Amino acid sequence: MVAGVSYVGPDFDPPQPRRNRRRALTVAAAALVPGALLGWVMYEAVGGPGDGGASGNAAVRPSKAPADTGPTISATNDDKPPGPTPTPTADSGALKGKVVVVDPGHNPNNFQHTAEINRKVNIGTNWKECDTTGTSTNDGYTEAEFTLDVAHRLRTLLQKQGATVKFTQDGDRSWGPCVDERAEIGNKAHADAVVSIHADGASAGQRGFHVILPAKVNAGAANTGPIVTSSRALGERIAGSFVRATGSAPSNYVGDGTGLVTRKDLGGLNLSTVPKVFIECGNMRDTKDAAQLTSGAWRQKAARGISEGIVSFLRG
Ligand SMILES: [Zn+2]
């Protein structure tokens, strides 16, 4: 999740991913300017970018340490294909010379550094917490652990295509980085694409993924004008391939079924000078979504969906 925004969306039964896959595909393929704009308008109408100060870190620290969450530990290797390493595809090397920055949302150690991550940083349009703890499933599988796992899988897939992959953090620092530094890492790397990986902390019954695109902002250090169009193209490719790879439907609570949401309140997007999107892979607080998010096999599909979207974007 990002910034502790609480969503209030339409209340209807989420579609079954398998049965409605064709529909979901169509929806994502049609994830276009009007639809996404509609989604954004709707989002703004139901509460806006509630920059709720301390609420950004309101996620309750899970009662269990990540190491106690059985499913996640045992699931890490359950997606390895049997037999020998697959033969490289004809596309191998397609991303040679391309730089992709992967931004695993939050940091597993943020829970121990509340004061540091609550420090406000300037995101151009306003001031916002340096970073947040993120959310977790009801069983205590943290978003920070999820984002790192998907990021590792994504890195492997992108490197197979020849890309140079850089992380903003790898659970190897005591907290953060702050959102402004996360943006700066992509900028300084002159990244061809940046994706920030998250999972949401919405209400039970709210399901599905959404990709967050930068709105056009020009305030202070934020000037997204040059990256709005390219970021949208990146986000549309990722949304489409995420549907195909995972069978997940676009969010049923934001984005009006497009799987795309435009926001102007995220420092990681506002301060980016290179094409960048966020993806909320699912809702950790919904038990059906959580069953997917805690599955290593599903996370591999998620990584593949994101990877294929990036490849598609970078190859034009
Ligand atoms: Zn998050």
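The model you have open is a predicted one.

Step back to helix α10 itself, residues 296–314. The helix has 19 residues, and from its first C-alpha to its last it reaches 27 Å. That is close to the 27 Å expected at 1.5 Å a residue. Now go to the start of α10 and show the side chain of serine 295. One of its oxygens comes to within 3.3 Å of the backbone nitrogen of alanine 297.

Next, select the zinc ion. Which residues coordinate the zinc ion? They are Met1, through N and O, His106 through NE2, Glu143 through OE and His198 through ND1, at 1.9 to 2.3 Å. Along the sequence, these donor residues follow the spacing M-x104-H-x36-E-x54-H. Methionine 1 sits in the segment before α1 (21–29) and histidine 106 in the loop between β1 and α4 (114–118), so this pair ties together parts that are 105 residues apart in sequence.

Colour these two residues by accessibility. Methionine 1 has 12% relative accessibility, so it counts as buried, the cut-off being under 20%. Histidine 106 is buried too, with a relative accessible area of 2%.

From here, move to strand β1 (residues 99–104) and pick aspartate 103. Is aspartate 103 buried or exposed? It counts as buried, because its relative accessibility is 2%. Show the side chain of threonine 168 as well: a polar contact of 2.5 Å joins it to the side chain of aspartate 103. Beyond its neighbours within four places in sequence, aspartate 103 is in contact with several residues, including Arg182, Val195, Ser196, Ile197 and Lys276.

Terms used
Residues are numbered from 1 along each chain as its sequence is written. This is a predicted model: local features need pLDDT of at least 70, side-chain atom pairs count only at pLDDT 80 or more; totals for chains, interfaces and linings use all residues. Side-chain values use heavy atoms; hydrogens and water are left out. Helices (H or I, at least four residues) and strands (E, at least two) are DSSP runs, numbered from the N terminus. Buried means under 20% relative accessible area, exposed over 50%, partly exposed in between (1.4 Å probe, protein chains only). A polar contact is a pair of N or O atoms within 3.5 Å; within protein, one must be able to donate a hydrogen and the other to accept it, and residues adjacent in sequence count only if both atoms are side-chain atoms. Contact means heavy atoms within 4.5 Å. The expected span of a helix is 1.5 Å times one less than its number of residues. Donors are N, O and S atoms within 2.8 Å of the metal (3.2 Å for Na, K and Ca); water is not among the atoms, so sites may look incomplete.
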